[in-house]
Amino acid sequence: MTIEIEGAAQAAAEHGPTAGEYIRHHLAHNSAHAQGIIDFSNINYDTVLWSLVMATITAVFLIMGSRRMQAGVPGRFQGLIEWIAEMVEDQSKSIVHGDRSFIAPLALTVFIWVLLMNSMDFLPVDLFARLFAWTGHGEPHFRVVPTADLNGTMGMALVVLALMLYYNVKIKGAGGFVHELFNAPFGAHPALWIPNFGLNLIEFVARTVSLAMRLFGNMFAGELIFLLIALLGAQWGASTSVGTSLALSGLHIFAGSVWAVFHILIVLLQAFIFMMLTLVYMGQAHEGH
Amino acid sequence: MTTSAFVALACGLIIGLGAIGACIGIGVMGGKYIEASARQPELMNTLQTKMFLLAGLIDAAFLIGVGIAMMFAFASPFGA
């Protein structure tokens with residue numbers, strides 16, 4: 001944002017970006033090469049980096065909690081972990097009727113990991129841009145919210161799909177699963193095999209895609225609104241009248257605070273929804289139609 | 001009308017029509033929740049968790065639409 005203050009204050013605007021350029025720069029990923037809509041040879045290095053960092057923090061957090069566990073009155077850290085674990089355990093107990101020894105920790109990990117990745121959205125939008133500029137690395141593209149990248153969320157949703165298929169086959173047997181695929185919603189008549197299979201296929205695809213895109217849409221829209229609010233602050237040097245500049249900058253601070261507080265709710269809610277849907281899909285694999 | 005005009009119109013329609021559905025859905029669900037809380041106040045807390053979960057699910061399609069509309073607005077694949 002200070003890049004814009006300098007650029008706008010010089011009034012000739014030789015190197016200050018326009019609003020569209022600013023947003024396009026901030027929405028581009030640090031990737032192997034430029035992105036098309038679908039390009040499987042491309043890797044978004046920033047998404048990979050930040051999801052690994054958040055996964056490491058999640059693992060360290062939970063492992064430290066389990067190491068320091070003590071009977072008696074728990075400390076605050078242990079109390080926090082117990083609170084989260086108990087919440088996840090209650091949800092999983094009511095949803096999944098079967099062996100939960102893998103599914104409940106899966107839900108806990110997914111919840112904390114998605115929560116941490118979503119929380120990267122609270123960092124100021126230009127923080128890493130300034131850090132890169134100060135350390136002399138220029139202005140690379142760098143997006144820090146892995147769940148605001150459809151690749152990130154789709155990866156997680158594909159793992160949930162793989163687990164759905166695994167648990168379906170494990171609980172019902174391969175033959176039982178195929179039988180259910182072709183006979184499930186409508187009935188066991190051979191003429192209904194194709195409609196049954198079509199509906200089941202659509203159900204699996206819709207669950208996976210909606211899981212991925214729900215999280216992506218929420219986080220992407222949130223990040224974009226932060227960027228648009230940051231553009232308000234860029235008006236500090238752009239207007240000729242002091243009143244307008246002050247008003248817009250004040251609006252920037254106010255709108256930024258309000259949106260940040262609302263976004264806390266969205267971050268928590270989306271992590272909770274991802275966890276709940278993972279549990280629901282695992283539970284449905286256990287029950288069958 | 002140019003391509004960018006059509007893209008702008010598309011973004012407006014996506015967000016506007018999506019908002020209609022999402023807001024009516026949340027309104028109906030919220031109304032039912034308040035009604036249920038008035039009838040059985042002891043169920044307020046258990047229902048609140050489920051209500052937030054449903055709110056997130058109802059908003060899903062709308063926010064997917066917002067994400068797509070934002071992508072059209074700033075990085076349009078139509079060459080606008």
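This is a predicted model: local features need pLDDT of at least 70, side-chain atom pairs count only at pLDDT 80 or more; totals for chains, interfaces and linings use all residues.
What share of the contacts in chain A with a separation of 6 or more comes from residues 24 or more positions apart? The share is 66%.

Chain A has nine helices and zero strands. Along the principal axes, the C-alpha atoms of chain A fill a box of roughly 75 × 60 × 35 Å. Of the 289 residues in chain A, 29% are buried.

One pair of helices in chain A can be followed in detail. Two packed helices are described by the angle between their axes and the distance between the axes. Helix H8 of chain A covers residues 193–233, and helix H9 of chain A covers residues 242–287. Their axes come within 9 Å and cross at roughly 170 degrees. Because angles over 145 degrees count as roughly antiparallel, H8(A) is roughly antiparallel to H9(A). The residues in the contact of H8(A) with H9(A) are 14 nonpolar, eight polar and one charged.

Chain B comes next. Its secondary structure consists of two helices and zero strands. The C-alpha trace of chain B spans about 60 × 20 × 10 Å along its principal axes. The radius of gyration of chain B is 18 Å, while a compact globule of 80 residues would have one near 12 Å. Buried residues account for 18% of the 80 residues in chain B.

How do the two helices of chain B lie, parallel or antiparallel? The axes of H1(B) and H2(B) come within 8 Å and cross at roughly 175 degrees, which means that H1(B) is roughly antiparallel to H2(B). The contact of H1(B) with H2(B) has 24 nonpolar, five polar and one charged residues. Among contacts in chain B between residues at least 6 apart in sequence, 84% join residues at least 24 apart.

The two chains also touch each other. Their contact takes 19 residues from chain A and 13 residues from chain B. On the side of chain B that touches chain A there are eleven nonpolar residues, two polar residues and no charged residues.

Phe74(B) gives a local view of where the chains meet. This residue lies in helix H2 of chain B. Leaving aside neighbours within four places in sequence, Phe74(B) is in contact with Gly20(A), Ile23(A), Arg24(A) and Leu27(A). Is Phe74(B) buried or partly exposed? Phe74(B) counts as partly exposed because it has 16 C-beta neighbours inside 10 Å, whereas a buried residue needs 20 or more. Within its own chain, Phe74(B) is 68 residues from Phe6(B) in sequence and 14 Å from Phe6(B) in space, C-alpha to C-alpha.

The last stop is the interior. In soluble globular proteins, nonpolar side chains tend to be buried together. In this model the largest nonpolar core has 55 residues. Helices of both chains give two or more residues to this core, including H8 and H9 of chain A and helix H1 (3–39) and helix H2 (44–74) of chain B. The residues with the most contacts inside the core are Ala107(A), Phe111(A), Phe274(A) and Met275(A). Not counting residues up to four places away in sequence, Met275(A) touches Val88(A), Ala107(A), Val110(A) and Phe111(A).

Key:
Residues are numbered from 1 along each chain as its sequence is written. Chains are lettered from A and ligands numbered from 1 in the order in which they are written. Two residues are in contact if their C-beta atoms, placed from the backbone, lie within 7 Å. Ala, Val, Leu, Ile, Met, Phe, Trp, Tyr, Cys and Pro count as nonpolar, Asp, Glu, Lys and Arg as charged, and the others, Gly among them, as polar. Axes are lines fitted to C-alpha atoms, for helices over the stretch in contact, and angles run from 0 to 180 degrees between N-to-C directions. Helices (H or I, at least four residues) and strands (E, at least two) are DSSP runs, numbered from the N terminus. Angles under 35 degrees count as roughly parallel, over 145 as roughly antiparallel, 65 to 115 as roughly perpendicular and the rest as oblique. The radius of gyration is taken over C-alpha atoms; the globule rule is 2.2 Å times the number of residues to the power 0.38. A residue is buried if 20 or more other C-beta atoms lie within 10 Å of its own, exposed if 12 or fewer, and partly exposed in between; C-beta atoms are placed from the backbone. A nonpolar core is a set of buried Ala, Val, Leu, Ile, Met, Phe, Trp, Tyr and Cys residues joined through C-beta atoms within 7 Å.
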